[in-house]
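Here are my notes on the chain you asked about. Have the structure open while you read, and go through the points in order.

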Amino acid sequence: MEPKWEGKVSTKLTKARADQIWPLFLDFFNLHKWFPSLATCYGVHGINGQTGCIRYCSGCSISPSASNENNPQASWSTERLISVDHVQRSLSYEIVDNNIGFKSYVSTVKIVPEDNEGENQSGCVIEWGFTVDPVEGWVLDDLVKKYDMGLQRMAKRMEDACNSSLEK
């Protein structure tokens, strides 16, 4: 049996603080607002943001394998929130069911504030790590690139939303 794949991507936000970004991730049933390839995301069980709640996500996904990069596929998954740490601003979730090919998948998202604490604090880092059983026909490096691209787009949307709410 092949060892599990592990990947981690991160991005730095310079115009939004950790305390602004954390609630957006904690809104577990509304990931589609931020993640570019999701058409919908909604709760199917439990209370949004609480351990044990389950969301359904669907959208258009492009397989990370190079041979399918121009072949978008309808994809879906159900995901269970398995832990929340408000102090460390981290959450973990697992994929319960999907048509993507993941047999076992656990992910942790963490929002890390910049070192300069206090009123002048600005910026944060979003870290997104995952552990997954190898997926037939996929390559780990391509999967990491896909997550990185998604995180960059998601972070920009979140940062823009935080800044537009400050301007109002």
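**Notes on the rings, strands and cysteines**

1. Let's start with Tyr 56, which counts as partly exposed at 22% relative accessibility. On this scale, buried is under 20% relative accessible area, exposed is over 50%, and partly exposed is in between (1.4 Å probe, protein chains only). Trp 76 is partly exposed too, at 26%.

2. A word on where this comes from: the model is predicted, so local features need pLDDT of at least 70 and side-chain atom pairs count only at pLDDT 80 or more, while totals for chains, interfaces and linings use all residues. Numbering starts from 1 along each chain as its sequence is written, and side-chain values use heavy atoms, with hydrogens and water left out.

3. Now the overall layout. You'll find 2 helices and 7 strands in the chain, and from the N terminus they come in the order β-α-β-β-β-β-β-β-α. Both kinds of element are DSSP runs numbered from the N terminus: helices (H or I) of at least four residues, strands (E) of at least two. Of the 168 residues, 42% are buried. Take contacts (heavy atoms within 4.5 Å) between residues at least 6 apart in sequence: 53% of them join residues at least 24 apart.

4. Follow the strands next; two of them pair if DSSP finds at least two bridges between them. Strand E5 (residues 90–98) runs antiparallel to E6 (residues 105–113), with 5 bridges.

5. What about aromatic rings? The whole structure has 11 aromatic pairs. Rings of Phe, Tyr and Trp (its six-membered ring) pair if their centres lie within 6.5 Å; planes under 30 degrees apart are stacked, over 60 edge-to-face, and the rest tilted. Tyr 56 and Trp 76 are stacked because their ring centres are 6.4 Å apart and their planes are at 20 degrees. Tyr 56 is in strand E3 (residues 54–62) and Trp 76 in strand E4 (residues 72–85), so this pair ties together parts 20 residues apart in sequence.

6. Phe 102 and Trp 138 are edge-to-face, because their centres are 5.5 Å apart with planes at 75 degrees. Phe 102 sits in the loop between E5 and E6, and Trp 138 in the loop between E7 and helix H2 (140–167), so they tie together parts 36 residues apart in sequence. Phe 102 is buried at 9% relative accessibility, and so is Trp 138 at 14%. Ring pairs link both of them into a cluster that also includes Phe 28, Tyr 93 and Phe 130.

7. Last, how many disulfides does the structure hold? There are 0, counting a pair of cysteine sulfur atoms within 2.5 Å as one. For Cys 41, the nearest cysteine sulfur is that of Cys 57, 3.5 Å away. The sulfur of Cys 162 is 8.1 Å from the closest one, in Cys 124, so it is too far for a bond.
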